[in-house]
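Notebook open, structure loaded. I want to go through salt bridges, cores, annotated segments and surface, in that order.

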Amino acid sequence: MILLEVCCCLIGWISLYFAFCYLNGQRGKEWNCRLVTLTHGILIVCLTAYISFIDGPWPLTHAGTENTPLQILALVVSLGYFLFDFGWCICVRTEGPVMLAHHTMSIAGILLALGLGKSAVETCAVIFGSEITNPLLQARWFLRQVGRYDSLWGDAVDLLFILLFALVRVGVGGMMLYCELTSPRPSLIMKGGGLAMYTLAWVFMVDIAKFACKKSRTKYKRWHEMCKLGEVNGHTGKTE
């Protein structure tokens, strides 16, 4: 039954991609794929947030407990998407090895949670933490495509993305990993998967920190040059 549901979700995401291609024929393949990614990000963040914070149980205290129907639904929807996106990335070759590793780990983790019949609660929490920054990542790419990235909007998106990534994926993710490793309920393989995902999050965090430093230096250099130009213009005006 779960296999059938995964196949239906996979077909659904593929159909959505082709629908976007039909509606946005003037755009490229990556534009439409990122629309699918944005749709999945918003949908799964809302669903896993409801599961983690409202429906329960609380992932920090109930790691390794049996899966609920709603948790299974969230995992099935996400698994269908990750299979679609992984296949798309392989065919089009737009992503590097780190992103492919992230997708592989995500697919393996979801399959393990579904196969074991438990640990969906912390898997949904990990998906929430992983996907909460995804809409911002897609917004950044779309801003670049329409020529609006070098603006206040681009700076706001970058700042919010960096803060959310550091706070949720690294900060809260570290708490989640600690609870996973110290709880006696999760299986050893799920604990190893959680450790691998958190290590990958730090790989992303290092890249993001490098990007933030580079952008800050560029912004400061540009501001410094504008100040010097303003001083020169002011001096020239007084002379005249």
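Predicted model: local features only at pLDDT ≥ 70, side-chain atom pairs only at ≥ 80, totals over all residues.

**Entry 1: salt bridges.** I started with Arg-34, which forms a salt bridge with Glu-30; their closest N and O atoms are 3.1 Å apart. How covered are the two partners? Arg-34 counts as buried at 14% relative accessibility, while Glu-30 comes out partly exposed at 25%. The cut-off that matters here is 20%, since buried means under that value.

Next I looked up the other pair, Asp-158 with Arg-140, where the closest N and O atoms are 2.9 Å apart. Asp-158 belongs to helix 7 (residues 152–182) and Arg-140 to helix 6 (residues 134–145), so this bridge ties together parts that are 18 residues apart in sequence. Are Asp-158 and Arg-140 buried or exposed? Both are buried. I get a count of 2 salt bridges by the rule used.

**Entry 2: the largest nonpolar core.** Which residues touch the most other members here? They are Val-36, Leu-75, Phe-84 and Ile-110, out of 32 residues in the core. Two or more residues each come from helix 1 (2–23), helix 2, helix 3 (69–92), helix 4 (97–116), helix 5 (120–131) and helix 6. Helix 3 gives the most, with 10 residues.

I found Leu-75, Ser-78, Leu-79, Phe-82, Thr-123 and Ile-127 on the list.

**Entry 3: a second core.** There is also a separate core of 17 residues, and its members include Ile-162, Val-168, Val-170 and Met-205. Leaving out neighbours within four places, Val-170 is in contact with Phe-165, Tyr-198, Trp-202 and Met-205. How far apart are Val-170 and Met-205 in sequence and in space? They are 35 residues apart along the chain, and 7.8 Å apart C-alpha to C-alpha.

**Entry 4: His-40.** I checked this histidine separately. His-40 is found in helix 2, and its relative accessible area is 0%, so it is buried. Beyond residues up to four places away in sequence, His-40 touches Trp-13, Val-45, Ser-78, Tyr-81 and Glu-131. Ser-78 also turned up among the contacts of Ile-110.

**Entry 5: annotated segments.** The UniProt record, an unreviewed entry, places "transmembrane region" at residues 6–23, 35–53, 73–92, 152–175 and 195–213. I compared two of these with the model. Residues 73–92 are 100% helix and 0% strand, with the end C-alpha atoms 29 Å apart. Residues 195–213 also come out as 100% helix and 0% strand, and here the end C-alpha atoms are 27 Å apart.

**Entry 6: surface.** Last stop, the outside. Which residues form a nonpolar patch on the surface? I got Tyr-50, Phe-53, Ile-54 and Trp-58, with about 460 Å² of accessible area together. Tyr-50 is found in helix 2 (residues 29–55). At a relative accessible area of 38%, Tyr-50 is partly exposed. Patch residues need over 30%, so Tyr-50 qualifies on that score.

Notes:
Residues numbered from 1 in each chain as written. Heavy atoms only, no water. Patch = residues over 30% accessible without salt bridge, like charges linked within 9 Å, V, L, I, M, F, W, Y side chains within 5 Å. Areas by Shrake-Rupley, 256 points an atom, 1.4 Å probe, with all protein chains shown as cover. Salt bridge = Lys/Arg side-chain N within 4 Å of Asp/Glu carboxyl O. Helix = DSSP H or I, 4+ residues; strand = E, 2+ residues; numbered from the N terminus. Buried < 20%, exposed > 50% of the residue type's maximum accessible area, 1.4 Å probe, protein only. UniProt positions renumbered as here; feature names shortened; annotations may be inferred. Core = buried A, V, L, I, M, F, W, Y, C linked by side-chain atoms within 4.5 Å. Contact = heavy atoms within 4.5 Å.
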